[in-house]
Amino acid sequence: MNKTFNIYCDESTHMVHDGHPYMLLGCTSIAYTQIRMAKDAIKDIKKKHGYSDELKWTNVHEATYKVYAELIDWFFMNDMEFRAVVVDKSQIDEKRENYTFNDFYFRMYYQLLHHKMDMDYTYNIYMDIKDTCSSDKLERLRKIMEYNSSIGRFQFIRSHESVFIQLADVLMGAINYNLRYEKGEVEGRVRAKMKLIEKIKKHSNISLNTTTPKFRKKFNLFFIALK
């Protein structure tokens with residue numbers, strides 16, 4: 001059986017000392033045959049609510065809540081899947097011999113993608129461009145994953161080109177915000193964000209702060225403990 005999936009990857013932070021406590025790498029995946037229908041559905045949701053901006057967690061507020069709420073409802077009603085790896089950056093030990101944050105970064109991408117793949121299928125992987133080093137990152141990731149003959153296309157694109165990368169940003173943003181709220185690092189004053197988080201919790205039936213079993217394919221989280 002030959003079936004092709006597209007995987008759209010995003011990251012919430014890629015520097016160890018950027019003031020953000022958590023590192024998240026996430027991806028949405030969708031069967032190639034469902035892409036057009038999914039794009040049209042998201043386009044219709046945005047049009048219905050008069051929303052023309054890029055879908056981003058930072059754009060969630062009271063005036064935009066309805067479009068994001070419908071987007072989340074739509075996601076949980078279709079076959080698209082989401083996976084994220086989460087790291088508490090305070091646990092990263094940069095003093096380890098022959099170890100750099102970049103090494104860790106690529107290992108986490110391996111964790112994100114490796115457990116998402118089935119060798120019976122083919123995967124096209126698209127990653128959000130974050131900085132001028134993207135081409136070097138792509139080449140290193142390609143080498144790390146080259147053992148996997150199930151990978152077809154592997155390239156960087158910009159987030160405004162893909163609503164699926166944008167959806168990953170929204171879901172990761174909700175996870176990150178929830179973690180920081182639970183730790184008292186944000187006060188949760190943006191009511192729309194808190195309502196969206198509760199909607200995701202209800203749909204996924206998880207707390208968003210712990211690893212989910214591997215068989216939970218629809219919404220899968222992997223919290224990596226380093227200590």
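I take helices (H or I, at least four residues) and strands (E, at least two) as DSSP runs, numbered from the N terminus. I am working on a predicted model, in which local features need pLDDT of at least 70 and side-chain atom pairs count only at pLDDT 80 or more, while totals for chains, interfaces and linings use all residues. Residues are numbered from 1 along each chain as its sequence is written, and side-chain values use heavy atoms, with hydrogens and water left out.

I looked up pockets, a pocket being, on a 1 Å grid over the protein atoms alone, an open set of points where a 1.4 Å probe fits, with protein on both sides within 12 Å along at least five of seven lines; lining residues have an atom within 4 Å of a point. Grid points are joined across faces, edges and corners, and a volume is the space filled by probe spheres set on the points.

For the largest pocket I noted a volume of about 470 Å³. Its lining has 23 residues, and Ser12, Trp57, Thr58, Asp169 and Gly173 are the closest to its centre. β1 (3-11) and α5 (163-182) are the elements that give two or more residues to this lining, and α5 gives the most, with eight.

I then turned to the second largest pocket, which holds about 260 Å³ of space. Among its 15 lining residues, Phe5, Glu81, Lys116, Tyr121 and Tyr123 are the closest to the centre. β1, β2 (22-31) and β4 (121-128) each supply at least two residues of this lining, and β2 provides the largest share, three residues.
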